[in-house]
Structures are given as structure tokens and as C-alpha cells.
Amino acid sequence: HASGACEAVSESALVVDRSTLAVLSPGARVSVVTMASEDEFKGESAGRDHEAELVIKARFHCRPVDVYKALTEADMVSRYTMAKANFDTTVGGRFDFYDGNVAGVFTELEEPTKIVMKWKFREWAPRVFSTVTVSLRERGEGETDVEVRQVNIPKSDAHGHGGVRARCEGGWRERILGGMKRFLGYGMEWQDS
């Protein structure tokens, strides 16, 4: 959740608490970003109101560690999404990108082979999240097979709009994996189409 509060400041400061992050510089105007609460990712996910799982497979022409970092490091994510990203890449650490439109919590990290996270779009209902597992397998020198498996995707968002699964798939294909290919220069082919 992002608030649009902006104010001019006269001194440099970094303001961080459990739910708010702001970087302030002299004379700059800044937006304060309020991340989803800790409770947002507790309890059940989409429950009975979810679609079938989503599986996407691709092959990148780079090492597994390169793909791992491109999915877990804020500066890398910001490069191919062209938007602000915040990442605490620890188990239990939170992340958000696309200016807070996607948020989540890392539940399992095995560098460079596996990333598991609770994941949601901002417009999903409170305490509704999916689980994303990204598996990375080295396939010969300089190639990595990537499988993205997303389960418990809700049928609709908090406003009753459907097509959530299609939006997730499009986001992974075009914006995340496709963005990595375009902006980071990693060669890639789809393995599932």
C-alpha cells in the first residue's frame, strides 16, 4: 500500500520502521511507501477461491546464480522493471516492487537453486496471497532451466475483477522473465509453449 505523502526536507535521513520506508535528501520531495502489514501474509492464502496453478518454464543463457540474483536483489529488479524495488532477501524477509504493486515474504531461499515466496498484487483482498516457487537448474555450462510455479491464485481481486491468473501469467512472462531477457541481456527461450 503506498501513500502519496510528499514533503520537502532540509537534511539527509533514512526513515525505516517495520512498515514504512523513505529515503530523504536535502531539498528533495519524497514519497513515503507503506508496505503491507506483517499480518497480510499470515494465515490462509486464497483458500477455496483460487484458480489452478500456473507453471511457466524458460531457459536462460546464464548461470543459475545470475537468475537468482536477478529475482532477489532490489537493484537488479529495478533495472528490468524500471520501478522502485525493496528486498530483504532473508527467510521471513519482505519484498515489494513495481512501486508496491507486488509484495510478499520469502519463505525459503536456497541460493542459487530455489526461491519460495508468499506473493500478492496490491489489489488482492487482505490476507489473500499465492505461493510462488522458482526452481533453477543448471543445464550445461552457461544455461539455466527456470520453472515458476504459482499456486492459490485467487479468481478475482478485492474489487471482484476476474482474470487474475492471466494477469499473473502475463506479469511473469512479459514483465519479469521477459524483462530480464530484454534489460539484463540474458538470452532466453520459453520451454513450455
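Me: Which residues does Asp 192 touch once its neighbours within four places in sequence are left aside, and what makes these count as contacts?

Reply: Leaving those neighbours aside, Asp 192 is in contact with Val 55, Ile 56, Lys 57 and Arg 173, where contact means heavy atoms within 4.5 Å. This is a predicted model, in which local features need pLDDT of at least 70 and side-chain atom pairs count only at pLDDT 80 or more, while totals for chains, interfaces and linings use all residues. Residues are numbered from 1 along each chain as its sequence is written, and side-chain values use heavy atoms, with hydrogens and water left out.

Me: Where does Asp 192 lie in the chain, and what is its separation from Lys 57 in sequence and in space?

Reply: Asp 192 belongs to the segment after strand E12 (188-190), strands being DSSP runs of at least two residues and helices being H or I runs of at least four, both numbered from the N terminus. Asp 192 stands 135 residues from Lys 57 along the sequence, and in space the two are 5.3 Å apart, C-alpha to C-alpha.

Me: Why is Asp 192 called partly exposed?

Reply: Buried means under 20% relative accessible area and exposed means over 50%, with partly exposed in between, using a 1.4 Å probe and protein chains only. The relative accessibility of Asp 192 is 30%, and therefore this residue counts as partly exposed.

Me: Why does Ser 156 count as partly exposed, and where is it found?

Reply: Ser 156 has a relative accessibility of 25%, so it counts as partly exposed. The residue is found in the loop between E11 and H3, and its C-alpha is 8.9 Å from that of Ala 125, at a separation of 31 residues in sequence.

Me: Why is Tyr 80 called buried, and which residues does it touch?

Reply: Tyr 80, whose place is in helix H2, has a relative accessibility of 5%, and so it counts as buried. Not counting residues up to four places away in sequence, Tyr 80 touches Ala 70, Leu 71, Arg 175, Ile 176, Gly 179, Met 180, Phe 183 and Leu 184. The C-alpha atoms of Tyr 80 and Arg 182 are separated by 7.6 Å, although the two residues are 102 apart along the chain.

Me: Why are H1 and H2 described by their angle as they are, and which residues make the contact?

Reply: The axes of H1 and helix H2 (residues 74-81) come within 5 Å and cross at roughly 80°, the axes being lines fitted to C-alpha atoms, for helices over the stretch in contact, with angles running from 0 to 180 degrees between N-to-C directions. That makes H1 roughly perpendicular to H2, because angles of 65 to 115 degrees receive that name, whereas those under 35 count as roughly parallel, those over 145 as roughly antiparallel and the rest as oblique. The contact is made by Lys 69, Ala 70, Leu 71 and Thr 72 of H1 together with Ala 74, Met 76, Val 77 and Tyr 80 of H2.

Me: Why are H1 and H3 called oblique?

Reply: Helix H1 (residues 64-72) and H3 pack at an angle of about 120°, with their axes 12 Å apart, and the two helices are therefore oblique to each other. Val 67, Ala 70 and Leu 71 in H1 meet Trp 172, Ile 176, Met 180 and Leu 184 in H3.

Me: How do you know that H1 is mostly covered?

Reply: Eight of the nine residues of H1 are buried, among them Val 65, Tyr 68 and Leu 71.

Me: Why is Tyr 98 called buried, and what is its phi?

Reply: Tyr 98 is found in the loop between strand E7 (94-97) and E8, and its relative accessible area is 16%, so it is buried. Its phi is near 50°, a positive value in a residue other than glycine.

Me: What joins Glu 111 and Pro 112?

Reply: The two are joined by a cis peptide bond, with omega about 0°, and Pro 112 is found in the loop between strand E8 (102-110) and strand E9 (114-121).
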